[in-house]
Amino acid sequence: MNNVNKEIRSYILIAFGMLIYAVAALGFLVPHKIVGGGATGMSTIIYYLSGKTVPVGISYFVINVVLVGIALKVLGPKFGIKTVFAIVIGSAFLSFLQPLIPEAFVSDKFMSSIIAGMLTGIGIAIALSEGGSTGGTDIVAMIVTKYRNASPGKMIMYSDCGIIACSLFINFNLEGLMYGYVMMGVVSFTVDFVLTGKKQSAQLFIFTEKYQEVAQKITEQFAHGVTVVDCTGWYTGQAKKMLIIVVRKNEAIEVLRIAKRVDSNVFMTMNTVMGVFGKGFDEVKGIKA
């Protein structure tokens, strides 16, 4: 029963993410003829080239169906049901909301591109975090990288840049072009921030003569282990002990304070790390022991 509830919650979150995605496109981009990347950007171009007769939602659906069909033939059945669900529900939201949003929510184009980038990034991140995908250039990247030794991220960027450049067909000025690239940059930052911002961790190296006391204080306050490593100072030639600990980034400052209170001469370094898996951190999904 818990697994069923978890799956239902996942689909609801994907739908919510796609709703945000649709509102961002229809409320801030399409009315201003600002073209972002992906299938929505291509759909916006088709919408204006057709004299506003082909709705964005219809083009978005058709483009993704074609891409998914090609990908299934080239890559095999690698697409999960959640990706298909995200594409279908995204198309539905775009089709339903477009008649209800005849004008942009914000008149300033630059501000609209910023807000749209933030909302789009949030929507995409929510869908991705639950195993869904908005399709579009993600699928193109997967197809290209099967035959070319290229980074998927770079292929998505190249594809999106090409789509935004095509906005000149409907809005022939460099200003509109720049709004699209600004929006793309904001989307990239927002997706990374939402997906990994809260999961960032810190790896600390602590050098202190009072390593036992420091380690004891840290383990009393945090549910993370501390590793003691033997090392030798090159300059002094003396044998020393180094503590290694990985904590959430918001816990790092308190660890530093604990070490400083115990030993005023403590020497510490801190590095930001991502993708920490194991007890007390994240689980590796999709891999069975």
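Residues are classed by relative accessible area: buried means under 20%, exposed over 50%, and partly exposed in between (1.4 Å probe, protein chains only). The structure is a predicted model, in which local features need pLDDT of at least 70 and side-chain atom pairs count only at pLDDT 80 or more, while totals for chains, interfaces and linings use all residues. Residues are numbered from 1 along each chain as its sequence is written, and side-chain values use heavy atoms, with hydrogens and water left out.

The protein chain contains 10 helices and four strands. These elements are DSSP runs numbered from the N terminus, with helices (H or I) of at least four residues and strands (E) of at least two. Their order along the sequence is α-α-α-α-α-α-α-α-β-α-β-β-α-β. Of the 289 residues, 40% count as buried. Accessible areas come from the Shrake-Rupley method with a 1.4 Å probe; for residues, only the protein chains shown count as cover. Contacts were also counted, a contact being heavy atoms within 4.5 Å. Among contacts with a separation of 6 or more, 74% join residues 24 or more positions apart.

Two loop residues have positive phi values. Lys33 lies in the loop between helix 1 (2-29) and helix 2 (38-49). Its phi is near 60°, a positive value in a residue other than glycine. Lys33 is partly exposed, at 30% relative accessibility. Lys52 sits in the loop between helix 2 and helix 3. Phi of Lys52 is about 65°, again positive although the residue is not a glycine. Lys52 is exposed, with a relative accessible area of 52%.

Asn64 belongs to helix 3. Asn64 is buried, with a relative accessible area of 0%. Leaving aside residues up to four places away in sequence, Asn64 touches Ala39, Ile87, Thr134, Gly135, Gly136 and Ile139. A nonpolar surface patch of about 730 Å² is formed by Ile58, Phe61, Val62, Val65, Val66, Ile70, Ile81, Val84 and Val88. Helix 3 (56-75) and helix 4 (81-97) are the elements that give two or more residues to this patch. Helix 3 supplies the largest share, six residues. Val84 is in helix 4, and is partly exposed at 36% relative accessible area. Patches are made of residues with over 30% relative accessible area and no salt bridge; like charges are joined within 9 Å, and nonpolar side chains (Val, Leu, Ile, Met, Phe, Trp, Tyr) within 5 Å. A salt bridge is a side-chain nitrogen of Lys or Arg within 4 Å of a carboxyl oxygen of Asp or Glu.

Helix 10 was examined along its length and around its axis. At 1.5 Å a residue, its 14 residues (249-262) should span 20 Å, and the end C-alpha atoms are 21 Å apart, which agrees. The expected span is 1.5 Å times one less than the number of residues. The buried residues of helix 10 are Ala252, Val255, Leu256, Ile258, Ala259 and Val262. Seen down the axis, these residues fall within an arc of 160°, so they line one face of the helix. The arc is that of the directions from the helix axis to the C-beta atoms. The buried residues pack against strand 1 (201-207), helix 9 (211-221), strand 3 (239-248) and strand 4 (267-273). On the other side of helix 10, Asn250 and Arg261 are exposed. Arg261 has a relative accessible area of 60%. The C-alpha atoms of Arg261 and Val214 are separated by 9.0 Å, with the two residues 47 apart along the chain.
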